Amino acid sequence: MIRRDDRLGVLLGASLLLIIAGDACAHSRSAGGSHGGIDIPEISHGEMAVISDYRRGIIDLASRAVDTNEPFRRVLNYAEIQYSYCLWGRVPGSVTDEESPFNECAHAYLAATKAVLMAMREMPLEAPAAGEIISAVDADMVRRGLALVTCQFSGEAFNTADIIKPRWSKIPLHFASMASLAGLAALLGFAVLALRRFLRPKAQSSE
């Protein structure tokens, strides 16, 4: 039988997820939708499937770049912010499944990642490494036959002033996302429970 403290721990974990989706409204973009930032070209569904495999290397290279300017740094920052909004790409299908509530936000961070990569092609110090990644991406695109693969978000451009959030209201309708977040809620709940038990003073033994 589940004790009262156990139930509280699990419920608290579920509550944390609800807080994440606290603004769980029908809007996937940030309020206002201002486009006063830097425009980021769209990325196709096929491209993002490959760029995602090279994302870490691209971001690491960009983070070490020395010959940068403000637009480059803002796009790089946007790529990192969007990645966190998309739960660090951990939700199954967020990149490959266009029906995923996380697919549009995945398009956003991968479009920014691609923009960063293409910008480094023009930087004297980063150009050789960036060129190698671009060649590898192109080869993978051809090998996997993804060049012409598109989806509903493939023609969508982005802007650094416009944060793309997951479509929280659609999560219950998408099994992979729902199962993943339910598992995360349970994990958080049991982690809270374990912490409570660890911090609870041990009862003094009676003489």
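Helices, at least four residues long, and strands, at least two, are DSSP runs numbered from the N terminus. On that basis, leucine 87 falls in the loop between helix 3 and helix 4. The model is a predicted one. Its protein holds six helices and two strands. Read from the N terminus, the order of elements is α-β-α-α-α-α-β-α. Of the 207 residues in the protein, 40% are buried. Contacts between residues at least 6 apart in sequence were also examined, and 83% of them join residues at least 24 apart.

Leucine 87 has a phi near 55°, a positive value in a residue other than glycine. The relative accessibility of leucine 87 is 14%. The limit for a buried residue is under 20%, so leucine 87 counts as buried. Tryptophan 88 is found in the loop between helix 3 and helix 4 as well. Its phi is also positive, about 55°, although tryptophan 88 is not a glycine. Tryptophan 88 has 46% relative accessibility and therefore counts as partly exposed.

The structure holds one disulfide. Cysteine 86 and cysteine 105 form this link, with sulfur atoms 2.5 Å apart. The angle about the S-S bond is 65°, and the link of cysteine 86 and cysteine 105 is right-handed. Cysteine 86 counts as buried, at 0% relative accessibility. Cysteine 105 likewise counts as buried, at 0% relative accessibility.

Aromatic rings were considered next. A pair of aromatic rings is described by the distance of the centres and the angle of the planes. The count comes to two aromatic pairs. One of the pairs is formed by tyrosine 83 and tyrosine 109, with ring centres 5.0 Å apart. The planes of tyrosine 83 and tyrosine 109 stand at 70°, so this pair is edge-to-face. Tyrosine 83 belongs to helix 3 and tyrosine 109 to helix 4; the two are 26 residues apart, and the pair links distant parts of the chain. Tyrosine 83 and tyrosine 109 are both buried.

Phenylalanine 102 and tryptophan 168 also pair, with ring centres 5.9 Å apart. Their planes lie at 80°, so the arrangement of phenylalanine 102 and tryptophan 168 is edge-to-face. Phenylalanine 102 sits in the loop between helix 3 and helix 4. Tryptophan 168 sits in the loop between strand 2 (158-159) and helix 6 (175-199). Phenylalanine 102 and tryptophan 168 are both buried.

The loop between strand 2 and helix 6 also holds lysine 170. Lysine 170 has a relative accessible area of 43% and is therefore partly exposed. The C-alpha atoms of lysine 170 and glutamate 99 are separated by 9.3 Å. Along the chain, lysine 170 and glutamate 99 are 71 residues apart.

Arginine 55 is placed in helix 2 (residues 45-64). Its relative accessibility is 6%, so arginine 55 counts as buried. Neighbours within four places in sequence were left aside, and arginine 55 is then in contact with Glu80, Tyr83, Tyr109, Leu110 and Thr113. Among these contacts are Tyr83 and Tyr109, the residues of the edge-to-face pair with centres 5.0 Å apart.

Helix 4 also meets helix 5 (residues 127-143). The axes of helix 4 and helix 5 come within 8 Å and cross at roughly 130°. That angle makes helix 4 oblique to helix 5. On the side of helix 4, the contact is made by Leu117, Met118 and Met120. Helix 5 contributes Ala127, Ala130, Ile133 and Ile134. By class, the contact of helix 4 with helix 5 has seven nonpolar residues, no polar residues and no charged residues.

Terms used. Residues are numbered from 1 along each chain as its sequence is written. This is a predicted model: local features need pLDDT of at least 70, side-chain atom pairs count only at pLDDT 80 or more; totals for chains, interfaces and linings use all residues. Side-chain values use heavy atoms; hydrogens and water are left out. A disulfide is a pair of cysteine sulfur atoms within 2.5 Å. Buried means under 20% relative accessible area, exposed over 50%, partly exposed in between (1.4 Å probe, protein chains only). Axes are lines fitted to C-alpha atoms, for helices over the stretch in contact, and angles run from 0 to 180 degrees between N-to-C directions. Angles under 35 degrees count as roughly parallel, over 145 as roughly antiparallel, 65 to 115 as roughly perpendicular and the rest as oblique. Contact means heavy atoms within 4.5 Å. Ala, Val, Leu, Ile, Met, Phe, Trp, Tyr, Cys and Pro count as nonpolar, Asp, Glu, Lys and Arg as charged, and the others, Gly among them, as polar. Rings of Phe, Tyr and Trp (its six-membered ring) pair if their centres lie within 6.5 Å; planes under 30 degrees apart count as stacked, over 60 as edge-to-face and the rest as tilted.
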